[in-house]
Amino acid sequence: MKKDINTKEKITRQDAIKRIGNYGKYSVLTALGTYLILNPKTSQAQSVPENPSRGF
Amino acid sequence: MNTPLLLKTIEDKTIVWFSGTDNYLVLEPMMAEILQDMANDVPLQKISEALAKQIDIPFNEASDFVNNACLNLFLPNTEQPENTSEFFDLEQPLHYSIKKHYRIDDKYFEVSYKDEFEAYLIHPKLSHLETDNDNTTNFSFQIYTKGNRTFLFDNTEFIGVWDRKNIHYMQGKFSMKLVEKLHNKPEDEWLGVFHASGVSNGKKSMLFLGDSGNGKSTSLALLQANGFTCLADDFVPMAADNRHIYSFPSGISIKKNSLTTLLPLYPELEDSAEFHFKTLNKIVRFLKPNNTDHKANLPCKDLVFITYDKTKSIDLQCNKISKIDAFQKLIPDSWVSKHHNNVTVFLEWFSQLNAYELTYSDNQKMITTVQNLFDNDL
């Protein structure tokens, strides 16, 4: 798996923005129902998630 | 008493933490109050009536909104996660082929690695702490892999087991245990661990954060060579009682493409061991951090999101950013304690922080700017 695990776990601002429903003309409700959801790491983690292969 | 959620208003938003899911939500304050009412068992009808009145909309619209909020926001975040337990054979191997001893100030750590696989996960960043003294051991750890899962023991105590794709959590847990022993504080006395660099000027500390590949560790190496102290790189622990950053003595990981910049300052990098991280396609060397007092711990009131501009179109730019923007950048990369008291302390600490964004290609200007930040003289 070549994907950087840190990149995978990060939430971009776009991904983090959520909305509760669609309230059309009641823009105040749309605004009220807009939120960001952020998930911290479930446990402590190192940022380099792979073991090196030589040089030890 | 454990409440299902905690609130903290910062700038024009309210942050709500849910204990059930450990999620942090950034909401309009009025929305946060609605969720608080739900947590206090206020009937949805009553919440809807109040909302309709407050923003002058028909009751039906308010009720629809509140029901949606309950269904999609409140309930999913207040469900307790399932406890899945799995049985593991915890018999340790008879023989560990690699045993290393590390000295951090007056504390001696012995780590037994089953094979090179386990050793490569931990040893490179601690290699500068290795000692020949194997007579004194204050703490010992054992790491082995069985059936594609890696086990960590703290002496005879089983700490955890991780599969290959979650191996970075094993590394993180090992680092956490090291920090606990080094500073004599168990896990519940820590506020959080940040994926950052912890830098000090001897009087206070700052967190330097940035995406991988944006120059954070190189910036740290430059700062270290210019009068600052590296308290921790990549794994920065903060204590709950005093909100101080404490040391984590890991080497600073330096990528190959930073060598040109750093070799004049650190000629020892020329001959230092190289480690190839295949999956991430990067080659790193580890630079010894300059902290000589691992008991040092200092207050932190500033976050700096630092980026090296590879295009060199920005000499230096440093702006204050909103705390909410900073919060959004900080949380996904951080472990924050889930104890209610600690979350309260964390949110209070965060509400008092200054947050900056620093982009640079001129090293000297970066160092001067950081000096000014430390001196409150930006």
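Colleague: Which residue in S21(B) does Leu303(B) stand opposite?

Modeller: Leu303(B) faces Ala355(B), which lies in S21(B). Please note that this is a predicted model, where local features need pLDDT of at least 70 and side-chain atom pairs count only at pLDDT 80 or more, while totals for chains, interfaces and linings use all residues. Residues are numbered from 1 along each chain as its sequence is written, chains are lettered from A and ligands numbered from 1 in the order in which they are written, and side-chain values use heavy atoms, with hydrogens and water left out.

Colleague: Why is Ser250(B) called buried?

Modeller: Buried means under 20% relative accessible area, exposed over 50%, and partly exposed in between (1.4 Å probe, protein chains only). Ser250(B) has 4% relative accessibility, so it counts as buried. This residue lies in the loop between strands S14 (244–246) and S15 (252–255) of chain B.

Colleague: With which residues is Ser250(B) in contact, leaving aside its neighbours within four places in sequence?

Modeller: Contact means heavy atoms within 4.5 Å. On that basis, Ser250(B) touches Lys125(B), Leu126(B), His128(B), Asp233(B) and Pro289(B).

Colleague: Is Leu29(A) buried or exposed?

Modeller: Leu29(A) is buried, with a relative accessible area of 0%. Its place is in helix H3 (residues 27–32) of chain A. Beyond its neighbours within four places in sequence, Leu29(A) is in contact with Tyr23(A) and, in chain B, with Leu51(B), Ile55(B), Ile57(B), Glu61(B) and Phe65(B).

Colleague: What makes H5(B) a largely enclosed helix?

Modeller: Of its 17 residues, 17 are buried, so H5(B) is largely enclosed by the rest of the structure.

Colleague: How does the span of H5(B) stand against the expected one?

Modeller: The expected span of a helix is 1.5 Å times one less than its number of residues. For H5(B), with 17 residues, 24 Å is expected, and the distance from its first C-alpha to its last is close to that, at 24 Å. Asn184(B), with a positive phi near 55 degrees, follows the helix.

Colleague: What is meant by a nonpolar core?

Modeller: A nonpolar core is a set of buried Ala, Val, Leu, Ile, Met, Phe, Trp, Tyr and Cys residues joined through side-chain atoms within 4.5 Å. The largest one here has 69 residues, and those with the most contacts inside it include Leu207(B), Leu303(B) and Trp349(B). Its largest share, eight residues, comes from helix H5 (residues 167–183) of chain B. A second, separate core of 30 residues includes Met31(B), Leu35(B), Leu51(B) and Phe74(B). In soluble globular proteins, nonpolar side chains tend to be buried together.

Colleague: Why are H1(B) and H3(B) called roughly perpendicular?

Modeller: Axes are lines fitted to C-alpha atoms, for helices over the stretch in contact, and angles run from 0 to 180 degrees between N-to-C directions. Angles under 35 degrees count as roughly parallel, over 145 as roughly antiparallel, 65 to 115 as roughly perpendicular and the rest as oblique. The axes of helix H1 (residues 29–39) and helix H3 (residues 59–78) of chain B cross at roughly 75 degrees and come within 11 Å; H1(B) and H3(B) are therefore roughly perpendicular to each other. Where they meet, Met31(B) and Leu35(B) are among the residues of H1(B), and Phe65(B) and Phe74(B) among those of H3(B).

Colleague: What makes S4 and S8 of chain B edge strands?

Modeller: They belong to an open sheet of five strands, in the order S4-S5-S6-S7-S8, with mixed pairing. Strand S4 (98–104) and strand S8 (157–163) each have a single partner strand, so one side of each is left without a neighbour in the sheet.

Methods. Helix = DSSP H or I, 4+ residues; strand = E, 2+ residues; numbered from the N terminus. Pairing = 2+ DSSP bridges.
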